[in-house]
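Please keep the sequence and the model in view while reading.

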Amino acid sequence: MEKNSKKHILNLIGILLMILITSKIILKNNEISQIFNILSNINIKYIVLAISCMIIFWILETGMISVLVTSFTGKNYNIKTIWISIKTTLIGQYYSNITPFASGGQPVQLYIMKKDGISLSNGTAVLVSKFLLFQIGVTLYCIILSVIKLNWIISDIKSVSYFIFIGLIINFTGLSFITLLVFKPKLLSRIIYSIIKNMCKINIIKNEDEKKEKASKFIKEYETSINKLKQNKRTTLGLFLVTFIQLTVFFSITFFIYKSLGLSGVAIYKIIAL
């Protein structure tokens, strides 16, 4: 109990520090009266549209999780499945937003699904499949938009073009690993084992066998999900299309916030591309 109490106190201190730091950043270069003036002139219509986009994003996320749950567990598509999917979506969103690198979302989602009677193996398969669909979707989405708007990125936003290219490289590397998982899982295993072996040799990591075992378990979990997605090609294609709609809706929120502040001159497709 004492340990939990200390943890809660530390969490509270952390939250208060974040509030203070955020407040200082916001107020550093802005007069309070100016901020209130901006807020009083906000166009509510666009705020409603932004909130609507967020709700649509959650609805689409819920629908995708529901489809994956029924696919992996054999459960019927009913009110209980939808309720599990709603909880999984919203709790996952919350914990992703309050943990570094959005690392807390999936473990909590897995815990919630287990409480609702979905086994750890099926819960893991559902979340891995959702991650794969999202990762492939967002990488292709970004590559397509970056190619279409390449001249604009290079000429108009030079200051951030390096970050964009670094992001694309990281996402493309992730997509390459997923591609190997789909078509050449044994080759991927050999590559990962070789990386682990060399990192152990130069003392970057320790316990080579343990790390290889974890990597093997990780690859098997992904293989299970990929095989299931490959078996249901029509469903998988439908989920990819939903992912693209979901991304468009989500990235449009920034545009509606931009418009709510009375700003204009930049088209929605440019802001989505950014």
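## Helix α6 against helix α10

In this predicted model, helix α6 (residues 120-148) and helix α10 (residues 208-231) have axes that come within 9 Å and cross at roughly 70°. Angles of 65 to 115 degrees count as roughly perpendicular, so α6 is roughly perpendicular to α10. On the α6 side the contact is made by T124, A125, V128, S129, F131 and L132, and on the α10 side by E221, Y222, S225, I226 and L229. By class, these residues divide into seven nonpolar, three polar and one charged.

## The chain as a whole

The protein chain has twelve helices and zero strands, and its pattern along the sequence is accordingly written α-α-α-α-α-α-α-α-α-α-α-α. Along its principal axes, the C-alpha trace spans about 60 × 55 × 50 Å.

## Helix α4 and its two partners

Two packed helices are described by the angle between their axes and the distance between the axes. Helix α3 (residues 44-73) packs with helix α4 (residues 79-98) at an angle of about 125°, and their axes are 8 Å apart; α3 and α4 are therefore oblique to each other. The crossing in which α3 passes α4 is right-handed. From α3 the contact takes M54, F57, W58, E61, T62, I65, S66, V69 and T70, while α4 brings T81, I82, S85, I86, T88, T89, L90 and Q93. This contact has eight nonpolar, eight polar and one charged residues.

Helix α4 also packs with α5 (105-115), the axes of α4 and α5 coming within 8 Å and crossing at roughly 150°. Because angles over 145 degrees count as roughly antiparallel, α4 is roughly antiparallel to α5. Here too the crossing is described as right-handed, with α4 passing α5. In α4, the residues K87, T88, T89, I91, G92, Y95 and S96 meet G105, V108, Q109, I112 and M113 in α5, and the contact divides into five nonpolar, six polar and one charged residues.

## The largest pocket

Rolling a probe the size of a water molecule over the atoms shows where empty space is left. The largest pocket has a volume of about 700 Å³, and of the 23 residues that line this pocket, E61, Q93, S96, A102 and F134 are the closest to its centre.

At least two lining residues each come from α3, α4, α5, α6 and α11, with the largest share, six residues, supplied by α6. The lining of the largest pocket divides into eleven nonpolar, ten polar and two charged residues.

A search of the whole structure finds one cavity of 30 Å³ or more, and the volume of the largest cavity is about 60 Å³. The residues lining the largest cavity are V67, L68, S71, F72, K228, L229, N232, T235, T236 and L239. The elements that give two or more residues to this lining are α3, α10 and α11 (233-260), and α3 gives the most, with four residues.

By class, the cavity lining divides into five nonpolar, four polar and one charged residues. L229, named in this lining, also belongs to the α10 side of the contact with α6.

Terms used:
Residues are numbered from 1 along each chain as its sequence is written. This is a predicted model: local features need pLDDT of at least 70, side-chain atom pairs count only at pLDDT 80 or more; totals for chains, interfaces and linings use all residues. Side-chain values use heavy atoms; hydrogens and water are left out. Axes are lines fitted to C-alpha atoms, for helices over the stretch in contact, and angles run from 0 to 180 degrees between N-to-C directions. Angles under 35 degrees count as roughly parallel, over 145 as roughly antiparallel, 65 to 115 as roughly perpendicular and the rest as oblique. A crossing is left-handed if the near helix is turned anticlockwise from the far one by less than a right angle, and right-handed if clockwise. Contact means heavy atoms within 4.5 Å. Ala, Val, Leu, Ile, Met, Phe, Trp, Tyr, Cys and Pro count as nonpolar, Asp, Glu, Lys and Arg as charged, and the others, Gly among them, as polar. On a 1 Å grid over the protein atoms alone, a cavity is a set of points where a 1.4 Å probe fits but cannot get out, and a pocket is an open set with protein on both sides within 12 Å along at least five of seven lines; lining residues have an atom within 4 Å of a point. Grid points are joined across faces, edges and corners, and a volume is the space filled by probe spheres set on the points.
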